[in-house]
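Please keep the sequence and the model side by side while reading the walk-through below.

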Amino acid sequence: MKNRILALLLSGALALTGCGKGSTKAADKSSSQADSSSQAEMLTTDSEDKLGFAERVNSSIEASKAYFESGEQAEQSPLWEESRISEMKSASAELGVFPAFDDTQAVYYPTGEEAYEAMLDELEKAQDFIFMEYFIIDQGEMLDSVVDILTQKAAEGVEVRLMYDGTCETTGRVPKNFTKTMEEKGISCRSFFPIGLSGSENYDNRDHRKLLIIDGKTAFTGGINIADEYINKIEKYGHWKDNSIMIRGSAVNSCTVMFLQLWNMDEKSPDWDKYLTAESAEGSGLVLPYCDSPLDSDTVGEDIYIDILNNAKSYVHIMSPYLVLDDRIETAIKAAAERGVDVSLILPGIPDKAAVYTVAKTHYQSLKNSGVKLYEYSPGFIHSKVFVSDDNRAVVGTINLDYRSFMHHFECALYFYGSDVIADIQADFENTLPECRLVTQEVIDELTLSEQIQGGIFRGIAPLM
């Protein structure tokens with residue numbers, strides 16, 4: 001009992017402070033395979049071990065692969081060869097599963113407030129089903145307004161599913177009886193892998209995805225969660241700058257499958273085909289929806305970012321709330337800048353995690369020395385996750401520039417090539433830049449000795465952050 005209590009305290013503390021396992025995904029997978037027999041022997045009726053969780057998730061992900069479309073139509077597009085999608089898919093077994101589409105339109109929302117209004121409008125139109133999957137939901141005006149519509153739609157006979165990460169209960173964002181309350185309103189509701197007295201080593205594999213799918217015809221993803229700070233109804237770290245993107249067209253089917261991957265992990269008779277109802281839409285360019293799992297050896301999210309950096313010719317513009325880099329991504333960022341590419345990053349001016357912000361600053365000097373331009377968003381906290389390059393490639397989704405997104409979390413994003421929406425994403429970067437301060441050598445020199453020491457210590461345990 002004492003060991004189980006200590007495990008709970010440790011897992012809860014790490015979840016609250018943003019720390020977790022230090023191993024890479026490849027090492028996790030190797031360890032899981034090596035320990036599978038001994039783990040199985042350790043199963044008890046009142047605890048769920050790493051193997052049990054990983055097996056259920058991986059089984060559902062494996063089943064989902066049969067429901068992704070072939071993507072043959074997009075491969076006939078004149079943009080296909082130059083898009084690098086084929087090369088990226090060839091380099092990653094997991095990314096190879098996801099099809100690209102040439103019949104999907106997109107609308108970009110540069111603020112959480114604009115995205116919120118669009119989400120409410122689309123929710124009101126639901127006729128068949130609503131799927132929602134968010135890392136954070138929190139009590140407040142935003143959640144209340146969403147739940148009001150979900151309740152109304154459930155009463156009309158619309159199938160409604162809501163899934164949120166289990167840390168929302170640990171941190172007190174929702175009460176323990178929240179799922180029961182939602183069920184009473186006709187909303188199927190699940191907490192993804194709640195943290196409890198389980199002793200599971202997978203407590204840090206959180207569901208960081210943000211997905212809203214309506215009738216299989218419309219999908220949203222991006223940075224915003226369902227909490228008031230994301231739409232600036234409350235202020236936590238100055239002004240909260242976020243984003244989202246909505247798509248219509250065949251690519252929505254991939255988003256639906258991604259939602260069902262984690263929802264169906266505990267379904268005895270999962271239904272997939274019923275919800276794959278996307279219709280072709282007139283769009284421009286190519287779009288590739290993709291997701292990443294911490295339970296395999298591929299680092300899909302990081303690999304796509306690196307491919308953009310390695311193949312950029314003019315610029316790569318990035319927005320990210322965090323900057324906790326491993327050698328691979330830092331090398332790619334610096335190499336792009338050193339060959340003359342304009343590599344510019346917008347980071348928070350007011351951080352939400354002091355320790356993580358301290359680590360970010362340890363990268364400043366090295367990046368600046370290579371010619372990378374660093375900016376801090378003066379009004380507050382930037383939570384958008386954006387890569388945009390050369391007016392022809394962009395990624396919008398949930399993937400931060402940190403170990404947690406690359407190694408520990410379930411993530412999702414949309415990759416665009418040659419799409420009209422890329423101009424809107426780039427415009428968001430350009431419009432945000434005047435509100436930022438350039439990180440000059442003088443700014444870097446202002447770091448106190450204490451900050452430098454703390455940064456060095458925290459950087460040493462960066463894989464845990």
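**Salt bridges and a mixed sheet**

Asp266 is partly exposed, with 47% relative accessible area, where buried means under 20%, exposed over 50% and partly exposed in between (1.4 Å probe, protein chains only). The model is predicted, so that local features need pLDDT of at least 70 and side-chain atom pairs count only at pLDDT 80 or more, whereas totals for chains, interfaces and linings use all residues. Residues are numbered from 1 along each chain as its sequence is written, and side-chain values use heavy atoms, with hydrogens and water left out.

The side chain of Asp266 meets that of Arg56 in a salt bridge at 2.7 Å, N to O, the term meaning a side-chain nitrogen of Lys or Arg within 4 Å of a carboxyl oxygen of Asp or Glu. This pair links distant parts of the chain, for Arg56 lies in helix α4 and Asp266 in the loop between α12 and β9, 210 residues apart; helices (H or I, at least four residues) and strands (E, at least two) are DSSP runs, numbered from the N terminus. Arg56 is also partly exposed, at 25%.

By contrast, Arg206 and Asp165, whose side chains form a salt bridge at 2.9 Å, N to O, are both buried.

Turning to the sheet, 8 strands form an open arrangement of mixed pairing in the order β9-β16-β15-β14-β10-β11-β12-β17, two strands being paired if DSSP finds at least two bridges between them. Its edge strands, β9 (286-292) and β17 (436-438), each pair on one side only. Within the sheet, β10 (residues 315-319) and β14 (residues 386-389) pair in the antiparallel sense over 4 bridges, and His317 stands opposite Val388 in β14.
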